[in-house]
Amino acid sequence: MKAIRLCPLTRTFWFASIYLLLIAVSSPASAAPAGDVVKGGNDSINKIPRPDHVVIVVEENKSYTQIIGNAAAPYINALANDGALFTQSFGVTHPSQPNYLALFSGTTHGIIDDRCPLSLSGDNLATELIRKSLSFAIYSESMPSAGYTGCVSGHYFRKHNPLANWSWRNTAPPMNLPFDMFPSDYSQLPTVSIVVPNQLNDMHDGAPPPSIIRGDRWLKENLGSYVKWAATHNSLLILTWDEDDNSSDNHIPTIFVGPMVKRGIYETRVLHYHVLRTIIDMYELRPLGETIKVNSIKDIWTQ
């Protein structure tokens, strides 16, 4: 058989290809870091789960570094250790009210302050859930009665209750509810709930250490049993803050805890719009406002 003579360039390319093939075959697959804590991005192909219930708790005016690692918030840090902690989570703007509107409806509606009352229209998380024959409610601590429309009552402030700004908020079944109507039988919860502690218990008022301690204790006492129940009932807790204290570029803690969540520390950049888009995709709802422009959170799920 006549030998085939290769030019030097072809011969070099041929030997390099064989070398790379041998490396690929003999090299072990990359291993995940040891331990339970992992870091992730938005490039996961994991599917979005569909929890039976989601409870979102919104706290007030604390930065990431004020909460995470702070001994004054032992329960919240335990949740961060048991769930998905986002190290790059940010509020949308300042002050409080437009952040609640962003989380609820995907837009700030051009609101740049805490004015009250507002009268808003258009779609939001509640309307989209209802269109799918699903349910929603917001539970506000210290609100004096179901369907209350006043701006302030004791330590209740309407600026933290986005649902109150839509005219159909009191339709049956009622969705604008005081926190004392939060069901003790968690199977009776709506598909998605927002829980708003009052301004004493949401970490808003008081010097930072006392307000953090009080807010952490309130969360454990009022939602701790839900978190335990959720672990065996395909349900999810989302804990976030509306904004920081103007000290850290609006860098806030956000934590997801539930049986479908892969425990870890995640560097994914998260805004209120990403959280809302994730809930939208869980229940196959229509995107709202700015959520059209962002992806849902896909890298934290166990399957």
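Strands pair here if DSSP finds at least two bridges between them. Helices (H or I, at least four residues) and strands (E, at least two) are DSSP runs, numbered from the N terminus.

Residues are numbered from 1 along each chain as its sequence is written, and side-chain values use heavy atoms, with hydrogens and water left out. As the model is predicted, local features need pLDDT of at least 70 and side-chain atom pairs count only at pLDDT 80 or more, while totals for chains, interfaces and linings use all residues.

To set the sheet in its context, the protein has seven helices and ten strands. Of its 303 residues, 51% are buried, where buried means under 20% relative accessible area, exposed over 50%, and partly exposed in between (1.4 Å probe, protein chains only). Among contacts (heavy atoms within 4.5 Å) between residues at least 6 apart in sequence, 75% join residues at least 24 apart.

Several pairings within the sheet can be followed residue by residue. Strand β1 (residues 53-59) runs parallel to β7 (residues 192-196), and four bridges join the two; here V57 stands opposite V195. Strand β2 pairs with β9 in the antiparallel sense over five bridges, with I255 of β9 as the bridge partner of L85. With β10, β2 pairs in the parallel sense, also over five bridges, and S89 has V270 of β10 as its bridge partner. Six of the seven residues of β2 are buried, leaving this strand mostly covered.

After α7 comes E284, whose phi is positive, near 55°.

In helix α4 (residues 96-105), ten of the ten residues are buried, so α4 is largely enclosed by the rest of the structure. Its buried residues include Q97, Y100 and F104, and they pack against β1, α5 (125-131), β3, β7 and α7. Just after α4, G106 takes a positive phi of about 80°.

A 1 Å grid over the protein atoms alone is used: a cavity is a set of points where a 1.4 Å probe fits but cannot get out, whereas a pocket is an open set with protein on both sides within 12 Å along at least five of seven lines, and lining residues have an atom within 4 Å of a point. The largest pocket has a volume of about 150 Å³. Its lining comprises 13 residues, of which S135, F136, P173, P174 and M175 lie nearest its centre. Strand β3 (residues 136-140) gives the most to this lining, with three residues.

Conventions
Points joined across faces, edges and corners; volume = space filled by probe spheres on them.
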